[in-house]
Amino acid sequence: MSGADPLPVQQVDAGELNVGYADAGAPDAPPVLLLHGWPYDLHCYDGVVPLLVDAGFRVVVPYLRGYGTTRFRDPGALRNGQPAALASDALALLDALGIDAALIGGCDWGARTTNVLAALWPERVLGQVTASGYLVAGQAANAHPLPPASELAWWYQYYFATERGREGYDRYRDDFARLIWRTASPEWAFTDADFERSRPAFANPDHVDIVIHNYRWRLGLAPGDPRFDDVEERLAARPPIAVPAITLEGDANGAFHLEPAAYRDRFTGPYEHRTIGGGVGHNLAQEAPRAFADAVIDTARMAGILARGSEEASGVR
């Protein structure tokens, strides 16, 4: 899935979405689901996918709701960006592809979704890899103020709370994405070509609605979907993650993040934390694909997934 020769994007009906996704590797190989964040897209895994396919995995990388070719099947559906909805999307995609359980990895929103799945649906998660650790938090937790320097890193969250911010994001969404790429990964020398591969994903007609709702929901400024009230209640308790897990952090992450010691107790199963050096920022999978792929492979070893094509290990029906 290189930038020069990207995998074709397929479409599948999954839950309330028609999902655009890339799918690489043997269909009967142990599956890996990789989830991107904001403001990124599935191309953040361009360097990871071929490494995992070469290691004997099947790799599925979807566009999240509001990105790329993913669309709502019901034009009147709530454009909901809350974490429980994103987790529901991931489960629906696994169901649509006939995958009972998968290794799951993510960065940013994708990491948060990965944590949610591993904590609440461990039977669907063979193991997890996340950048920036444990990111499960409900509205109540988000209501508590952070130290000023940390609040500064969330400046766009407060900008999005205003209608001026909504209009500004819609008008300048490409400029906004470039700015976040630079500030969240200050040492990442991404090229114009790198950005142009991802830029079309932000033109999705639901993109602005999903992004604005996500951040307003976090601050308690927008309601969620009542269907997920029970899920959010469970997440508010910061449930532990018992599946095999590796957390990653770049040594030059310019986005808000906690120190690993702050979330160590949330991982109660086989666990390892790795700090990736060399100026790696927030978009860890795209900046350090080898390190991310190695973490997935090592998590598979923790989970006892060693043989390619093993129906029992892969969870494929």
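## A serine and its neighbours

Which residues does Ser185 touch, not counting residues up to four places away in sequence? In this predicted model, the list is Ile180, Ala252, Gly281, His282, Asn283 and Glu287. You can find Ser185 in the loop between helix 8 (173-184) and helix 9 (192-198).

Is Ser185 buried or exposed? Its relative accessibility is 1%, so Ser185 counts as buried; the cut-off for that label is under 20%. One of the residues it touches, Asn283, also comes up in a polar contact: a polar atom of the Ser185 side chain lies 3.4 Å from the backbone nitrogen of Asn283.

## The chain as a whole

Let us step back to the whole chain. It holds 14 helices and nine strands, and its C-alpha atoms fill a box of roughly 55 × 40 × 40 Å along the principal axes. The radius of gyration is 18 Å, which agrees with the value near 20 Å that a compact globule of 317 residues would have.

Of those 317 residues, 58% count as buried. Contacts across the sequence are also worth a look: among those between residues at least 6 apart, 78% join residues at least 24 apart.

Strand 4 covers residues 58-62, and five of its five residues are buried. Arg58, Val60 and Pro62 point one way from the strand, while Val59 and Val61 point the other way.

Two strands pair with strand 4. Strand 3 (residues 31-35) pairs with strand 4 in the parallel sense, over three bridges, with Leu33 standing opposite Val60. To get from strand 3 to strand 4, the chain passes through helix 1 (residues 49-54), making a right-handed β-α-β crossover.

## One side of helix 11

Our last stop is helix 11, residues 229-236, where Val231, Glu232 and Leu235 are buried. Why do these three count as being on the same side of helix 11? Because they cover an arc of only 95° around the axis.

What covers the buried residues of helix 11 includes helix 2 (83-96), helix 3 (109-120) and helix 10 (207-218). After helix 11 comes Arg238, which has a positive phi, near 50°.

Technical notes:
Residues are numbered from 1 along each chain as its sequence is written. This is a predicted model: local features need pLDDT of at least 70, side-chain atom pairs count only at pLDDT 80 or more; totals for chains, interfaces and linings use all residues. Side-chain values use heavy atoms; hydrogens and water are left out. Buried means under 20% relative accessible area, exposed over 50%, partly exposed in between (1.4 Å probe, protein chains only). Helices (H or I, at least four residues) and strands (E, at least two) are DSSP runs, numbered from the N terminus. Two strands pair if DSSP finds at least two bridges between them. A crossover is right-handed if, with the strands pointing away from the viewer, the path from the first strand over the helix to the second runs clockwise. A polar contact is a pair of N or O atoms within 3.5 Å; within protein, one must be able to donate a hydrogen and the other to accept it, and residues adjacent in sequence count only if both atoms are side-chain atoms. Contact means heavy atoms within 4.5 Å. The arc is that of the directions from the helix axis to the C-beta atoms. The radius of gyration is taken over C-alpha atoms; the globule rule is 2.2 Å times the number of residues to the power 0.38.
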